[in-house]
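Please read the briefing below alongside the sequence and the structure. It covers domains, chain contacts, a sheet and a helix.

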Amino acid sequence: MKASPTYRAVTFSDRLILLLEKAKNPIFYVVLFIWALVCIAPLYFTLVFSLKPVANIYDEPLFFPNPFSLENYRDVIGALPLFPRWLLNSMLISFAVTCLRVLFCAMGGYAFARMEFPFKNFLFNAMLVSMMIPGQVTLIPSFLVVGPGIIRGGLKIGELTLPTGFGLLDNPLGVILPGVVSAFGIFMMTQFYKSIPKELEEAAMMDGLGRFGTFFKVVLPISATQLITLALLTFQGEWNNFLWPLTVLRTPENFTLPIGLNWFRGEYYTLISKVLAGSLFNTLPILIMFFIFQRYFTQSIAATGLKEG
Amino acid sequence: MATTALAQTDRHKAARRRKWREALTAYGFLAPYLFIFLTFTVFAIGYAFYLSFTRYNLLKPPEFWGLEGYRRVLCLEALLPRAADAGPLVCDDLFIRKALPNTILYTVIVVPAQTILSLILAFAMDQNLRFRRLFRTIFYLPSVTSSVVISIIFIWLFSPQGVVNQIFGLNINWLNDKNYAFYTIMLLNVFTTSGTMMLILLAGLQDIPVAIYEAAAMDGANKLQSLWHITIPMLRPVIFFVVTVGVIGCFQVFDQIYVMTAGGPLDSTTTVAYLIYKWAFRDTAVKMGQASALAFVLALIIMAVTMIQRKFIEGSGSVSS
Amino acid sequence: MKKLFSLISLLMIAAMILSACATPEVKEVIKTIEVEKKVVETVEVEKKVIETVEVQKEVPAERAVVRLSGWASSPEETALLQGLLLDFTAANPDIVVKYEPITGDYWQQLKTSIASGVEPDVFYMDIFQYPAFAKDDVLLPMDDLMAREGMKRDDFIPSLIDAFSTDGKTYGIPKDFNTLGLFYNKALFEKAGLKEPTDDWTWDDLKAAAEKLSDPANNIYGLGVPADAGRFPIFVFQNGGMVMSDDFSDTTLDTPAVAEAAQFYTDFRKNKIGAIPADLGEGWQGTLFGKGQLAMVYEGGWLIPYLTKQFPDTQYGVVLPPAGPKGEGNLIFTVSYSISKNTKNPEAAMRVVNFLTNEASQMKVLESGFALPTRISLKDSDYLKSNAASSAIFRGALDGAKPFMWGLVGSDVNDQMGKALERVYLENQAVDAALKQAAEVIRQKLAEAK
């Protein structure tokens, strides 16, 4: 923004604003640069030291792998014959959860943000409260529901025996099912939809599109940024999810990548270089995913005709 | 007169029908969530609530013992002076003495730090700067890595001979010194969460229509004014979201502590969530009932904090606004 | 709108059908006659078994599934177990063993499974955790099954199998064990001009050697003295002290014998002739021993394969822990195979346990070097004769050794012992006060557990 010539006396606050305007970009660049360094450093050092022999785990040089060795990576792959299987399992589970959760959370969030219905505030508050109970104590009951059932041997009504659980122990579906919606996601989408102006939807409603039509034809497209943000967070969360799959999955063939790698970590805990190499194996696929998503992320902003950030 | 009254009841009827239709539609939208919520969340929380009134060691069925679990969690008598010959306390003072103060300290430091940092980052990313995409990817790096993995990396980086000490020429035993361990974990949390929060805030920022800024500029508002009068108010729901999630995350901080310090050295990093885990699974004499009771005490605290927070980020909290 | 409704309901129905289809147990049917023959043959050898076999014959078409869980502690150990299971399957075609390793927190997973009624049939049981499991009756008493399999308690080292017995019943077959030995670095001893330690060493020898071996300027210390409840108690035993009373109803940490032992132990670091791993920037003293920064450490057999693999150049020896004023003292770390009380196939489970602990399998455990066999008959094996290091660890169990187990509140006792040492090390608290504080907290926990 250029300072336009004015005839009015330039006040102190105007000068301050001008100064800020000029200094703003350099300041931002410095902030960004420093934080970027901080963000890269841990993973960079991890990479460097995973490429060094185990014995050199605390030795200089810090910034490049010398002596160089691929032994750690070879060991990770060699020790884990099921590695491709775990990668596939992780991919499938994360993908399924992401697709379903984004859709369901967008729907739920939209209902909370835009519609009036009985028990709305109660349900919303109940959802918030459910986020506040730490997972350690709901682990066992959740496990009962997804696996063996609340009542051992099933609910008996006369001749009939009804299962009280889904029986999905050691089954990838057992990992997916409770994850298809999340209170976090609905809360996030609710707050997003509240920050978007209503005008576009109201126009669509006037045209007689109805709620569902408006939602799918108008709301979903204009909220692409948030949907992709949620998708990204969900995918990342599911990819790194540890405790729940660990509880549900039993046989090594069904493991996801973090659980499989944790097996590796449990065995090689004294050899940090190898553990570092294993950790990068877990991080790399999700990084690649992010790079791909990143493109859509910026595209979607352009496509919606909203602000070009 | 009669016709208008009739029209009015008609209108009333129509309005009521519309209301019903809307409620039905809303529940349609919410159906998948409610299904999971009812089958998992409600049951899981109800079951945990029941357990909080029992003594339960996982190996044999729970025994009901009323509020005794809550008494042992709070253990208020630990704060009272005791006679020397009074015998051992029959409760656990770890919550009141260590876990609760630690958790509050943690939240008070981490939540403002991560929110302000991610706000600055999001504003910067929202400017017309070069290499924006590159920066965004880099900033997201710490959030991508799983908390367990990044904790392992931090253990190694912050070990006495580790890279951090080598670069800065320090000789600090970060994770084994009770004066540093907790702050190291706080640093890790700010580091890992800021990327995610930046992304959420950025998505919020980018959805503020340009037209509003343009209109403001026409009215002669400068950038600072539009920041204050447009950006911040428009962003309020999203900021409320970020702060709420941050508070909940801080009160429930577990992974990093579990991996890095297991509550030590000398309980200096024992938080409420870690204590719940310790009671529920780690101790040889498991105290699942007490752990459940503590979970509800924690939930109450979080609820209170969230409510206070709503007052501060006022108006944006309630759904009906 | 209708479309979406039907889509959602379809999805839900699909989820329900899918969940209904997935039956948790996979039972494979086998119709070979050969299997039955084999069973009959074993019957002729052991007449007692007849009863069970007849039962088995009535439902001969099913292969019994035995689920086995353990933790992963080293690649070698996992490979060893998987090899043994393969051998077992070859020898017992009528039993399917499903190995379900637990990669996260083992006790959390196992206890969750037990609480939900889906625990594995056979699982590892650490002596440290054993009291809680024995008290609450979740393990199967094995004596009858052992008799049917032809196993005898006398076949195993008494201190080990006794550790897993309560009220005269056996609840676990020890799978391997470890004790602590004094590992010493030969090169550092030579450099200091010292004679190498022997089994007859005492505390005085240990202290004198540590003084000569230490070189703080070069980050070399004589003895590793971690604030670790898995090391310190041997000094207590060697000084005639105890950690807990005999029936585990009280702690004896605040007795003079313990205080003296703690003073002796912590003085190593105070006088700069000993160090804790964190002083030298490591989490585990085994690594520091390999690097030559600690001249002596108390560790178990697990250090042997680690050194072979990671520090092949480090020359070391192992002797019994030096005796204290009141003689020998050592800790026994042992793990058993235990069977769940809810198992549907107790006989098959016992056959698995029997196979994994028989002499041939135990010989393989021994040869792997990281743990010691629990069969007494292997005491005089050639392997132990030619491997002095393993032999020292094995002999550690024979004199003055107690199981690493402190009763129901064991984890709290461990915590408090570690914290007491930490307070002495890091906060310069007096030994007496530190131990008294620890004892108070332990009593509180004991009162709570009642």
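Into which domains is chain B divided? Chain B has domain 1 (2-45) and domain 2 (97-312), with bounds that come from an automatic or database domain assignment. This is a predicted model, in which local features need pLDDT of at least 70 and side-chain atom pairs count only at pLDDT 80 or more, while totals for chains, interfaces and linings use all residues. Residues are numbered from 1 along each chain as its sequence is written, and chains are lettered from A and ligands numbered from 1 in the order in which they are written.

**Domains of chain B**
- The C-alpha centres of domain 1 and domain 2 of chain B are 38 Å apart.

**Contact between chains B and A**
- Chain B gives 84 residues to this contact and chain A gives 83 residues; two residues are in contact if their C-beta atoms, placed from the backbone, lie within 7 Å.
- On the side of chain B, helix α1 (residues 2-51) provides the largest share, 18 residues. Helices (H or I, at least four residues) and strands (E, at least two) are DSSP runs, numbered from the N terminus.
- That side of chain B consists of 59 nonpolar, 19 polar and 6 charged residues. Ala, Val, Leu, Ile, Met, Phe, Trp, Tyr, Cys and Pro count as nonpolar, Asp, Glu, Lys and Arg as charged, and the others, Gly among them, as polar.

**Contact between chains C and A**
- Here 31 residues come from chain C and 30 residues from chain A.
- Helices α1 (2-21), α4 (75-91), α5 (106-116), α13 and α14 of chain C each supply at least two residues of the side that touches chain A.
- The side of chain C divides into 14 nonpolar, 15 polar and 2 charged residues.

**Sheet of chain C**
- Chain C has an open sheet of 5 strands in the order β9-β8-β10-β7-β11, with mixed pairing; two strands pair if DSSP finds at least two bridges between them.
- Its edge strands, β9 (274-275) and β11 (316-319) of chain C, each pair on one side only.
- Strands β8 (residues 221-224) and β10 (residues 294-299) of chain C run parallel and are joined by 2 bridges.
- C:Y221 has C:L294 in β10(C) as its bridge partner.

**Helix α14 of chain C**
- In α14 (residues 303-310) of chain C, C:L303, C:I304, C:Y306 and C:L307 are buried (20 or more other C-beta atoms, placed from the backbone, lie within 10 Å of a residue's own).
- These residues are on the same side of α14(C) because they cover an arc of only 165° around the axis, taken from the directions from the helix axis to the C-beta atoms.
- Among the elements covering them are β7 (181-185), α13 (285-291) and α18 (388-395) of chain C.

Definitions and conventions
Buried ≥ 20, exposed ≤ 12 C-beta atoms within 10 Å, placed from the backbone.
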